Amino acid sequence: MLDVCLLGTGGMMPLPYRWLTSLLVRYNGSSLLIDCGEGTQIAIKEKGWSFKPIDVICFTHYHGDHISGLPGLLLTMGNADRTEPLTLIGPKGLERVVNSLRVAPELPFQIKYIEITQPEQIFEMNGYRLKAFRVNHNVTCYGYTMEIDRAGKFDVDRANEAAIPQKFWGSLQKGENVQDGDNLYTPDMVLGPARKGIKLTYCTDTRPTDSIRNNAKGSDLFICEGMYGEKDKLKKAKEYKHMTFYEAAQLAKEAEVAEMWLTHYSPSLTHPEEYMDEVKKIFQNSIAAKDKRTVELTFSD
């Protein structure tokens with residue numbers, strides 16, 4: 001239902017075996033990209049996914065390792081004769097930052113800019129709900145949750161009792177009202193209570209915050225920065241506004257998520273998996289993600 005691929009897991013600089021942190025999500029024929037560091041489009045090619053369905057690109061913040069891959073990606077999209085609009089979402093200054101990066105010729109598609117101006121801001125698009133929430137880095141930075149709601153189960157008996165023509169059932173199941181002459185049919189006439197949907201949370205470059213803890217609550221997948229695996233790097237993490245593996249695991253535990261993937265590793269952290277025994281003591285379902293780790297999130301029964 002929701003295809004999730006962590007294209008890269010590196011922070012600060014790309015390495016021969018690790019691209020910079022970027023997330024690509026596919027849902028219902030469209031794709032959402034979060035962050036676009038150097039090498040992102042190579043990672044997409046290596047994965048075998050397409051640029052064409054990408055219609056939204058979000059930025060957590062504007063440090064180079066999160067946005068420097070955008071000019072090349074835009075040029076590739078333009079060379080592929082893209083004509084569909086592209087929406088960019090990010091903190092204040094988005095249009096100014098993007099225009100300062102762009103040196104390519106005029107693009108054959110429109111770019112729509114949406115700047116995040118509030119500590120928390122919600123966007124409804126493409127059948128999902130995207131929420132940006134402020135985190136704690138040394139520049140303005142946001143995390144994101146993506147939620148797909150699931151309507152209640154369709155009750156055939158109630159539909160028949162209300163004499164609702166079968167041709168309208170599909171629309172009602174999608175949550176749409178139907179007007180048929182003098183009769184108005186509404187979803188609550190045939191649907192049971194809303195069921196659990198799908199929730200994905202992504203955050204990098206931050207200290208632990210209540211905003212992460214609250215917004216990640218109950219996520220099916222929590223993708224979180226783990227800049228340092230070494231316990232003696234806590235002081236450095238605090239100084240540069242990053243997180244250790246153990247702080248990320250504690251957040252996952254407190255937010256009661258189903259699974260956590262660590263990402264955004266320091267270039268000096270060559271084998272993150274070596275630290276996972278200690279991490280799993282805090283939150284068992286933790287994974288030291290590697291580039292192009294992929295999962296399909298589906299509705300639970």
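I count a contact when heavy atoms lie within 4.5 Å. Helices (H or I, at least four residues) and strands (E, at least two) are DSSP runs, numbered from the N terminus. Axes are lines fitted to C-alpha atoms, for helices over the stretch in contact, and angles run from 0 to 180 degrees between N-to-C directions.

This is a predicted model, where local features need pLDDT of at least 70, side-chain atom pairs count only at pLDDT 80 or more, and totals for chains, interfaces and linings use all residues. Residues are numbered from 1 along each chain as its sequence is written, and side-chain values use heavy atoms, with hydrogens and water left out.

**Entry 1: the open sheet**

I began with helix 1, residues 40-47. It lies across strand 1 (2-8), strand 2 (22-27), strand 3 (30-34), strand 4 and strand 16. Its angle to strand 1 is about 125 degrees.

Seven strands form it, open, in the order 6-5-4-3-2-1-16, with mixed pairing. Strands pair here if DSSP finds at least two bridges between them. Strand 6 (111-116) and strand 16 (293-297) each have a single partner strand, so one side of each lacks a neighbour in the sheet. From one strand to the next, the twist averages 15 degrees.

Next I checked one pairing. Strand 4 (residues 54-58) and strand 5 (residues 86-91) run parallel, joined by three bridges. Cys58 has Ile89 of strand 5 as its bridge partner. Helix 4 (residues 94-101) lies across strand 5 and strand 6, at about 135 degrees to strand 6.

**Entry 2: Arg129**

I found Arg129 in strand 8 (residues 128-134). Its side chain makes a polar contact of 2.7 Å with that of Asp149. For a polar contact I need a pair of N or O atoms within 3.5 Å; within protein, one must be able to donate a hydrogen and the other to accept it, and residues adjacent in sequence count only if both atoms are side-chain atoms. Leaving out residues up to four places away in sequence, Arg129 also touches others, including Phe123, Thr145 and Met146.

**Entry 3: strand 13**

Is strand 13 buried or exposed? Five of the five residues in 221-225 are buried, so the strand is largely enclosed by the rest of the structure. Buried means under 20% relative accessible area, exposed over 50%, partly exposed in between (1.4 Å probe, protein chains only). Leu221, Ile223 and Glu225 cover one side, Phe222 and Cys224 the other.

Which strands pair with it? Strand 12 (residues 195-203) joins strand 13 in parallel through four bridges, and Cys203 stands opposite Cys224. Strand 14 (residues 260-263) also pairs with strand 13 in the parallel sense, over four bridges. There, Ile223 stands opposite Trp261.
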